Amino acid sequence: MKKIVIIDYGLGNLRSVRKGLEHAGADVIISSDPEEIKNADGVILPGVGAFRDAMKNVEVLRSTIDEYVESGKPMLGICLGQQMMLSTSEEGGVTEGLDLVKGQVLRFPHSELKVPHMGWNSIKITQEHPIFDGIPEGSYVYFVHSYYVDTSDRNTLISCEYGTEFAAAIVNDAGNVIGTQFHPEKSGDTGLKILENFVAMC
Amino acid sequence: MLTKRIIPCLDVTLDEEGGTVVKGIEFVDLRKAGDPVELAKRYNEQGADELVFLDITASHEGRGTMVKVIERTADEVFIPLTVGGGINSIEDIRQILRAGADKVSINTAAVKNPELIKESSEIFGAQCIVTAIDCKRNLDVENNPDKTIIELEDGTPAWYEVVIYGGRQPTGIDAVQWAKKVEELGSGEILLTSMDRDGTYDGFDIPITKKLSEELEIPIIASGGVGNPEHMYEGFTKGKADAALAASIFHFGKYTVNDVKEHLKEKNIPVRL
């Protein structure tokens, strides 16, 4: 059984992510212990809340995360977890992220559209990757966020349209670090399939 | 394209033996019609975009069993779940989110203590703090020069007054001003119920829904009065709502969530099918 560690940094509801991964047949541990993280077959960086507070909590694990990513094993960032993988965010004043993927996190501009971007939106697959095997173009997934990721096409797997076209899923250059802006654990069968694909990669 | 959300609402309470049940359910073909988890699964299969559980017991022992229900639901249903009813404190919110809810809906407690919205939004994030606003039309505009005057369907001027304790107590607070305030305080969404329409099957209260949708940056969930799928259509077009909540039309098995979505799709409203 694949051992997946969900990184616990004191924020957010981890129960659904855990259940989603268990549904996919993984053995799930919620932990902030560097040894557990390094020994995992796969790691999830979850997240809700504010960028600055979350980074403050994750900072102590930066070298552990870097070492894990270096090993080539898969890591999935969800929502704020994805945003933390970028170089910087402008949420709460410019703050440095984990810099695993080059790019920045920006606020949705003021327009007629409601912020947060909340609800089910359709996705456009811009690059093939095993984590989205069997996920059709135009599938609906659940989003809730006020900031979005701006990165290169090379690092974008899925794009989504909400006033502007933004990266709804990203990947690092090596291909083992993936982030989704949407919540797979809240995206019904589509989301469960994505978590299953992630477990299969581990 | 971002789709309009259809949200079934379940009133969860305790039965005589202390087990949790959903009130007002009349599905004939459901094995355990009263089990909130079974119903959550049913609505999920029908294509519900989110679910709302309203704890209408909201007593101490009720809260304990509610937490168990949230846990069981979150373990089996992978769509967003909002829980409301009797939420008074940061500790209440923490307990409910930890059990697996994605959002909490705060109503009376927010009116009595607006700081609760600010504080909880800072701790848990705006995305999980829904402020429920119950309101009622007030036709006395002459003696209320400071209120937001809204023209009703027949042209009559009125203002909308916030009511609390399930609609039993008027507060003198203007609903539009209150909505703007909760947005400022960090609420991520508003669940708007017009007491003039709730339970009538006459359709949403369009004037106030439209006003709030236009004035606010955060999403508005329209609630109260849905009798058929066309009412949902009107809520999204005339009312400009972002999401629509309904209880009885689904509970009586008259329409499924899918029926409503098919109707909306035919009329070019973006929905997830």
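**Chain contact, salt bridges and annotated sites**

Across the interface of chain A and chain B, 17 residue pairs are found in polar contact, both residues having pLDDT 80 or more; a polar contact is a pair of N or O atoms within 3.5 Å, where within protein one must be able to donate a hydrogen and the other to accept it, and residues adjacent in sequence count only if both atoms are side-chain atoms. The structure is a predicted model, in which local features need pLDDT of at least 70 and side-chain atom pairs count only at pLDDT 80 or more, while totals for chains, interfaces and linings use all residues. Residues are numbered from 1 along each chain as its sequence is written, chains are lettered from A and ligands numbered from 1 in the order in which they are written, and side-chain values use heavy atoms, with hydrogens and water left out.

The contact between the chains takes 29 residues from chain A and 36 residues from chain B, contact being defined as heavy atoms within 4.5 Å. Together the two chains bury about 2600 Å², of which 54% lies on carbon and sulfur atoms; buried area is the accessible area (1.4 Å probe) that two parts lose on being put together, summed over both. Of the area that chain A buries against chain B, 30% is supplied by Lys114(A), Met118(A) and Trp120(A), more than by any other three residues.

Charged side chains also take part in this interface. Side chains of opposite charge can pair when their charged atoms come close, and a salt bridge is counted where a side-chain nitrogen of Lys or Arg is within 4 Å of a carboxyl oxygen of Asp or Glu. Five salt bridges are found across the interface of chain A and chain B, including one in which the side chains of Arg15(A) and Glu71(B) meet at 4.0 Å, N to O. On the side of chain A that touches chain B, at least two residues each are supplied by α1 (15-23), β8 (117-122), β10 (140-145) and α6 (188-201) of chain A, and the largest share, six residues, comes from β8(A). Helices (H or I, at least four residues) and strands (E, at least two) are DSSP runs, numbered from the N terminus. Arg15(A) and Glu71(B) also belong to a network of salt bridges that links them with Arg18(A), Lys19(A), Glu22(A) and Asp75(B).

Over all chains, the count comes to 36 salt bridges. In one of these, the side chains of Glu50(B) and Arg5(B) meet at 2.7 Å, N to O. Glu50(B) lies in the loop between α1 (36-46) and β3 (51-55) of chain B and Arg5(B) in strand β1 of chain B, so the pair ties together parts that are 45 residues apart in sequence. Glu50(B) counts as buried at 1% relative accessibility, and Arg5(B) counts as buried at 0%, where buried means under 20% relative accessible area, exposed over 50%, and partly exposed in between (1.4 Å probe, protein chains only).

A further group of salt bridges involves Glu214(B), which is paired with Lys210(B), the closest N and O atoms being 3.5 Å apart. Both residues lie in helix α7 (residues 206-215) of chain B, four residues apart, about one turn of the helix. Glu214(B) also meets Lys240(B) in a salt bridge at 3.0 Å, N to O. Because Lys240(B) lies in the loop between α8 (229-237) and β12 (243-246) of chain B and Glu214(B) in helix α7 of chain B, this pair ties together parts that are 26 residues apart in sequence. Glu214(B) is partly exposed, with a relative accessible area of 43%, and Lys240(B) is partly exposed at 39%.

For chain A, UniProt lists Cys79(A), His183(A) and Glu185(A) under "active site" in an unreviewed entry. Although spread over 107 residues of sequence, these residues cluster in space, with a largest C-alpha distance of 10.9 Å. UniProt positions are given in the numbering used here, feature names are shortened, and annotations may be inferred rather than shown by experiment. Cys79(A) is placed in the loop between β4 (75-78) and α5 (80-83) of chain A, and is buried at 7% relative accessibility. The side chain of His183(A) makes a polar contact with the side chain of Glu185(A) at 2.9 Å.
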